Amino acid sequence: MTTSAGWYLRRLSRMGPREVGGRVGDAVRRRRWRATPPDCPDATGARFTAVLPAGTLAAVPPEAVKRLVAEADRLMDGHAEFFGVPRDDLADPDWWYDPKTGRRAPSAYAFDVPYRNEDAVGDVKQIWEPSRHQYLTVLATAYALTGNDRYAERVAAHLRSWWAANPPLRGVHWTSGIELGIRLLSWVWLRRLLDGWPGAAGLFEENPVARHQIWHHQRWLAGFPSRGSSANNHAVAEAAGQFAAACAFGWFPASARWRAGALTSLERHLRGNTFASGLNRELATEYHGLVLELGLAAVAEADAAGVPVPASVRLVLLRMTDALAAVVDDRLRPPRQGDADDGHGLVVDGAGTDRWASLLATGDAVFGRLAWWPAVTVADVRTPLLAALVRPYREADGEPAAARPARRPDHFPDAGLTVLRGPGGIWCRCDGGPHGFLSIAAHAHADALSLEVRHDGVDVLADPGTYCYHGQPEWRRYFRSTLAHNTLQLDGGDQSVSGGPFLWTRHARTRVLAADTAGGVARWCAEHDGYRRTVHRRRVELTAVRRELRIRDEVRGPYRSVRLAFHLGPAIAADLVANRAVLTWTRDGEERSAVLDLPGELSWRAHRGATDPPLGWYSAGFGRKEPATVLVGSGPADGAAPPGEFTTVLGFRG
């Protein structure tokens, strides 16, 4: 997919004067750097001192060690999977190759590489992901936990290969700041985890090539920060990576300046990306996880280096942790809201480790759990490693008094997110929040008033997910669309207007009218104006004693046609007769069921795995999709007056 001139004009229209000026400066800087490549200053005599405290590795649970080593051995055999694409070439990778399309990114000055054009570059996510070097942190962790030199030797060979293949400012790996930031964070941890290996110093601080790469990464990040309408999770990753490197690899004349600038940026963007309630402003749950991981990793570097951190940084991370504990379901799964690309800040665990349980375990170790937190039983590597570096959060150490919630919050007014809970693990997320973050709302979906419903952790009414970003525009459009969410679509259009894959030019405005989660009947009501003259209002009631969810949709204003969609999770089988669907699934060997009574004013059909156009899909992770049933009600019939109200009832049996 080639980015059109029209997209650039629409993108420009979402920028303010300051951002435009900054981007003009970036363009001038790119030209200057092309003409006069900078030289890395001498850093002979550099030392690495940010090691793990004694005894840290002994605190890693044996179960986590076993899982990690199994993953490391798989990597040693050359096997990995990135975004649904298996690879067996990781023993000796081609750093510019995309196995999905079979294309190689061109060798060119970094800012000439058209990385958004899949025809010219391939799927850039497939190329970028291995070069975050997070699979190498898994291998380095295996060395640290086992002392087996073969893991360290593989790490060293791959780093030297990458450095040789990717000289500064050459090629696709020098085009995106988030990639450089996360890669720097990985390098800090690689050096830390390899500390007991005799070749560690020769690989890093005594190696002029490594010093050259580390310096150029930091110089790039200082020169090209994400600006204005792009200052989302990318800005946090850039600042966290630069700060970590300037703390752990503070070997250069500019290190103190880079460290101070990155810390200022990190503090500003952590606050800017986070609601006061602790939820991420992008309203994309996986980016909540990414930003929290990056923030914790940055604080770990600060504490390891003895660098004071503004109290607001820890306070934001504390609120993010409490918010995560509040919104997860009974199986510790958070909402599937907005974009998700499986991005992680730091990877030191094996496959099968629960990301969200691990984050909550780390939060418990750093901040302390509250009485209402869900029980967390996870054996992971990351928690003991980070907890060994991060100073525990204590008000006595000068931190501000944090008014942590005495009871589990169910309603987050600033984020417009409400969770209704019922017996038997009934969990319902109601979306009445803003349409994403900043003027472009890059990671938002057109999902106003959508619902997610789970029973004991199983997706019953599911958010279908994201699937892709680049290269497959019809699938990107589908997974972001109103029809791909459990809400109501009028006149065949989306509630918000898309200007491209990461751009919305008009945002639906949503407001929550009522949210009462106490008592035997939990209630929520909200409305949005995305259809201009016509308002969609939705009321939801969850009655605990009947284990029943009642959804009433009201349409106030003119419209010609309506489609109401209910997307079922991939584990759900549906038997649809007229306007009643019997839903069945299995959980832990037990048969479960529910009845979905649908509005009789509409004509109902079940769709599954359609491709032209796409309809009836579920994406469990980036790059992966599978058929799933969606029930779509359409109307009105020819000549009939458009109805103004639709009632749906979901009742759980047993």
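**Close-up 1. Helices α15 and α16 cross in a right-handed sense.** The view is taken from a predicted model. Helix α15 comprises residues 355–367 and helix α16 comprises residues 382–389. Two packed helices are described by the angle between their axes and the distance between the axes. For α15 and α16, the angle is about 30° and the axes lie 9 Å apart. Angles under 35 degrees count as roughly parallel, and α15 and α16 are therefore roughly parallel to each other.

**Close-up 2. Residues of α15 meet residues of α16.** On the α15 side, the contact involves R355, S358, L359, A361, T362 and A365. Their counterparts in α16 are R382, T383, L386 and A387. By class, the residues of this contact comprise five nonpolar, three polar and two charged.

**Close-up 3. Four strands form an open sheet with antiparallel pairing.** Strands of a sheet pair through backbone hydrogen bonds, either parallel or antiparallel. The order of the strands in this open sheet is β10-β17-β26-β21. Its edge strands are β10 (488–490) and β21 (603–608), each of which pairs on one side only. On average, neighbouring strands of the sheet are turned by 25° against each other, direction ignored.

**Close-up 4. Strand β10 pairs with strand β17 in the antiparallel sense.** Strand β17 spans residues 562–567, and its pairing with β10 extends over three bridges. Within this part of the sheet, Q489 stands opposite R563 in β17.

How values were computed: Residues numbered from 1 in each chain as written. Predicted model: local features only at pLDDT ≥ 70, side-chain atom pairs only at ≥ 80, totals over all residues. Heavy atoms only, no water. Axes fitted to C-alpha atoms, helices over the stretch in contact; angles between N-to-C directions. Helix = DSSP H or I, 4+ residues; strand = E, 2+ residues; numbered from the N terminus. Parallel < 35°, antiparallel > 145°, perpendicular 65-115°, else oblique. Left-handed = near helix turned anticlockwise from the far one by under 90°. Contact = heavy atoms within 4.5 Å. Nonpolar A, V, L, I, M, F, W, Y, C, P; charged D, E, K, R; others polar. Pairing = 2+ DSSP bridges.
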